Amino acid sequence: MRDLPSLKSLRAFEAAARNGSLTAAANELCIGQGAISHQIRILEDNLGLSVFIRKQHGVELTPEGALLFASCNRAFDDLEGVVQHIRPRNTQKILRVKVGPFFSMKLIAPRISAFLSENPGLQIHLSHLETNTPATGTADVIIDYCLHPPPARFSQRLLRERLVPVCGSSIWQAQAGKHDLLSGNRLHYRGLQEWQSWIASSGLRLPPSRQDLIFDDQHIILEAVKEGQGVALIDRTMVEYELRSGQVRLVHDHFYEPNETYQFVCQEELFRTKPVTKSFLGWLLQEIDDRQRRYAEIAAAAGSSR
């Protein structure tokens, strides 16, 4: 019997050492930070020494930890190579994607059948970013809305939002003008910052809103907009159908770009060895580019008709 720490604790240690952060390791392994800390304690108790120096913004390897990390890195690389070699080929036809439901509904679901028709036999498993059940499996790809993508992983920016104010058709027709709409009930996603930044960058002099409604779900915000409950800031890419069908109206064409972006994130090795991962990224980028090109054409046509 080999005298080794548990594989679970070594895996948690390797992820934390590679990322330099317990939080980043927890996100990568789709478990809580407390579980990562627990596994590190088990490892250190087994070894009888510390492998990390805890700092305010992450962790740093001790000399003994650095030796262990180098060995773990080689061992896991060898193990991953063997697994990829012996794994049945049909696993290359499964792509597990964790993504926020609003992005999935607005940018993936409407045209995903076109991508599947180009990749016969492929299964795409879409699950919510916060889902963490055995049935979902380990995600191949995470589409995350963040300021900085996780270190030591492949990442590609998909979309930087251009937030514009939109309202439902009913209050569009009832209000006297855009200024009244923008000064009415404002709907917010998670906080007031985006509206404050939009107003500041627009140069408009607007009084405080009559009501501020804050939601943590973009689906609910869009439904509230359509039902005439107020004006919300939503990316143009996400409300293409509602604008074309007249369910919502563009209140003002000034847009604000948050610093956070939607990022396509996966393991470097997976991106190299699983071709469908690269194909899916290419398809997403093309879909987003096509939508933005259509918006530019529509905006140009609207401007020339004034």
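Biologist: Is Cys-266 buried or exposed?

Modeller: Cys-266 is buried, at a relative accessible area of 0%; buried means under 20%, exposed over 50% and partly exposed in between, with a 1.4 Å probe and protein chains only. This is a predicted model, in which local features need pLDDT of at least 70 and side-chain atom pairs pLDDT 80 or more, while totals for chains, interfaces and linings use all residues. Residues are numbered from 1 along each chain as its sequence is written, and side-chain values use heavy atoms, without hydrogens and water.

Biologist: How many disulfides are there?

Modeller: The search of the whole structure gives 0 disulfides, a disulfide being a pair of cysteine sulfur atoms within 2.5 Å.

Biologist: Changing topic, how many cavities of 30 Å³ or more are found?

Modeller: There are 2. A cavity is a set of points, on a 1 Å grid over the protein atoms alone, where a 1.4 Å probe fits but cannot get out; lining residues have an atom within 4 Å of a point.

Biologist: What volume has the largest cavity, and which residues lie nearest its centre?

Modeller: Its volume is about 120 Å³, the space filled by probe spheres set on grid points joined across faces, edges and corners. Of its 13 lining residues, Glu-161, Tyr-189, Gln-218, Leu-233 and Ile-234 lie nearest the centre.

Biologist: And which residues line the second largest cavity?

Modeller: Among them are Leu-187, His-188, Trp-195 and Ile-221, around about 50 Å³ of space.

Notes: On a 1 Å grid over the protein atoms alone, a cavity is a set of points where a 1.4 Å probe fits but cannot get out, and a pocket is an open set with protein on both sides within 12 Å along at least five of seven lines; lining residues have an atom within 4 Å of a point.
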